[in-house]
Amino acid sequence: MVKFCIKENRYFKYNEKIYEQRTGMPMGSPASPVIADIVMEELLTRFENETTSKPRLLTKYVDDLFAIVKTEEIGNVLTELNSYSISIKFTIEVEKDGQLPYLDTLINRRNNKLYIDWYRKPTASGRLINYYSKHEKSTIINTAKSFIRRVLTISDRMYHKKNITIIKKTLEDNEFPSSLVNKLVRNFYTRARNERKPEEANNKIYKAITYVPRIAERIKRSDLYDKEKVKIAFTYNNTLKQIYSNTKDRIPKDEKSNVIYRIPCNGDGSHVCEKVYVGTTKLKLKTRISGHKSNIKLRNNASENKTALTAHCKDTGHYPDFQNVTILDIEKQYNKRFTMDMLHIMNTPNDKRINFKSDTDQCAYAYRNLLLKQQHKMQISRRT
């Protein structure tokens with residue numbers, strides 16, 4: 001299985017051409033980081049057993065090593081590490097003025113003792129989350145709390161005063177009120193002094209919903225769900241993935257899965273039908289379309305009238321326009337996709353809807369009310 005993961009599964013597609021990766025771990029494979037970490041552990045074990053230049057300390061995080069080595073042995077250590085494989089090459093960074101950056105820390109050597117300070121690269125932008133961004137306030141506050149906790153937990157006490165100044169400047173640059181920043185810093189020290197109580201067993205069910213300003217807060221405070229059993233978390237559609245271009249080849253429409261789709265009716269040739277059918281499938285779209293075609297061929301068989309689309313074709317003699325199928329949404333989670341399917345059906349005008357009424361029976365009344373209000377507003381705007 002390992003051989004298959006790292007030797008035989010080396011293909012990727014770019015610009016409609018298929019390539020084979022010749023060296024290195026397969027890109028995008030879940031097995032790659034695991035096996036790479038095993039290789040690094042094996043390499044370090046061999047090095048520690050075979051080297052004559054044993055470091056006083058040697059530790060690693062993924063592929064970043066930290067070692068305490070005699071100055072005259074630095075060259076030998078680097079040569080030995082690079083001798084184990086032609087594909088693995090280490091570079092080295094030595095301390096300068098008693099300081100050495102390692103990951104998010106700056107390790108300082110003073111009087112034969114090591115002290116740790118928080119470190120950020122010179123290229124760091126300092127951008128976190130803007131205080132006035134369209135996120136739930138608890139998400140914004142928790143981002144600031146996490147930043148404060150990370151910086152002050154990493155660094156020794158002697159560096160806290162300096163780092164608090166940087167924290168305040170960074171958060172204020174992200175438009176956090178200075179009074180709030182001061183309060184969050186004070187709260188960090190208050191919590192650090194108090195002993196943490198052991199957390200109780202958490203048996204809550206977590207559900208994620210898309211954040212919509214003002215509406216999301218009202219849903220969270222409402223009685224639509226059991227707060228003792230369910231905890232709501234918010235997701236956001238406006239992500240970096242939407243801003244930056246996707247370097248992967250686009251998947252053809254009919255090869256996509258976990259979709260909500262819409263099929264227009266083509267009529268009977270002489271009559272144009274403006275009705276549409278909305279459906280969902282976890283399979284590839286082409287597989288589901290093939291199923292629709294098979295059902296329509298057998299539409300006179302009562303047992304094959306499984307969908308409203310088949311029933312519509314049987315009753316009217318019409319045929320769907322499978323050449324112009326539209327993907328409305330993509331969602332992997334079944335419950336979310338099923339809800340979105342019902343919402344898209346409800347958002348289709350009644351006079352153009354092929355779906356059965358039962359296709360939306362399980363939709364929550366809160367969503368129905370929101371959609372009806374939105375449809376009402378759209379109708380008013382069309383009139384005006």
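This is a predicted model: local features need pLDDT of at least 70, side-chain atom pairs count only at pLDDT 80 or more; totals for chains, interfaces and linings use all residues.
The protein chain has 12 helices and 12 strands. Its radius of gyration is 30 Å, well over the 21 Å that the globule rule gives for 384 residues, so the chain is more spread out than a compact globule. Along the principal axes, the C-alpha atoms fill a box of roughly 90 × 55 × 45 Å, and the accessible surface comes to about 27800 Å², with 51% of that belonging to carbon and sulfur atoms. If we take the contacts between residues at least 6 apart in sequence, 57% of them join residues at least 24 apart.

Let me now turn to Tyr84, which sits in the loop between helix H3 (74-81) and strand E5 (99-102). Tyr84 counts as buried because its relative accessibility is 18%, and the cut-off for buried is under 20%. Leaving aside residues up to four places away in sequence, Tyr84 touches Leu43, Arg46, Phe47 and Glu50; the C-alpha atoms of Tyr84 and Leu43 are 7.4 Å apart, although 41 residues separate them along the chain. The side chain of Tyr84 makes a polar contact of 3.5 Å with the side chain of Glu50, and a polar atom of the Tyr84 side chain lies 3.5 Å from the backbone nitrogen of Phe47.

Met27 is exposed, with a relative accessible area of 61%, and together with Phe12, Tyr14 and Tyr19 it forms a nonpolar surface patch of about 430 Å² of accessible area.

Notes:
Residues are numbered from 1 along each chain as its sequence is written. Side-chain values use heavy atoms; hydrogens and water are left out. Patches are made of residues with over 30% relative accessible area and no salt bridge: like charges are joined within 9 Å, nonpolar side chains (Val, Leu, Ile, Met, Phe, Trp, Tyr) within 5 Å. Accessible areas come from the Shrake-Rupley method with a 1.4 Å probe; for residues, only the protein chains shown count as cover. A salt bridge is a side-chain nitrogen of Lys or Arg within 4 Å of a carboxyl oxygen of Asp or Glu. Buried means under 20% relative accessible area, exposed over 50%, partly exposed in between (1.4 Å probe, protein chains only). Helices (H or I, at least four residues) and strands (E, at least two) are DSSP runs, numbered from the N terminus. Contact means heavy atoms within 4.5 Å. A polar contact is a pair of N or O atoms within 3.5 Å; within protein, one must be able to donate a hydrogen and the other to accept it, and residues adjacent in sequence count only if both atoms are side-chain atoms. The radius of gyration is taken over C-alpha atoms; the globule rule is 2.2 Å times the number of residues to the power 0.38.
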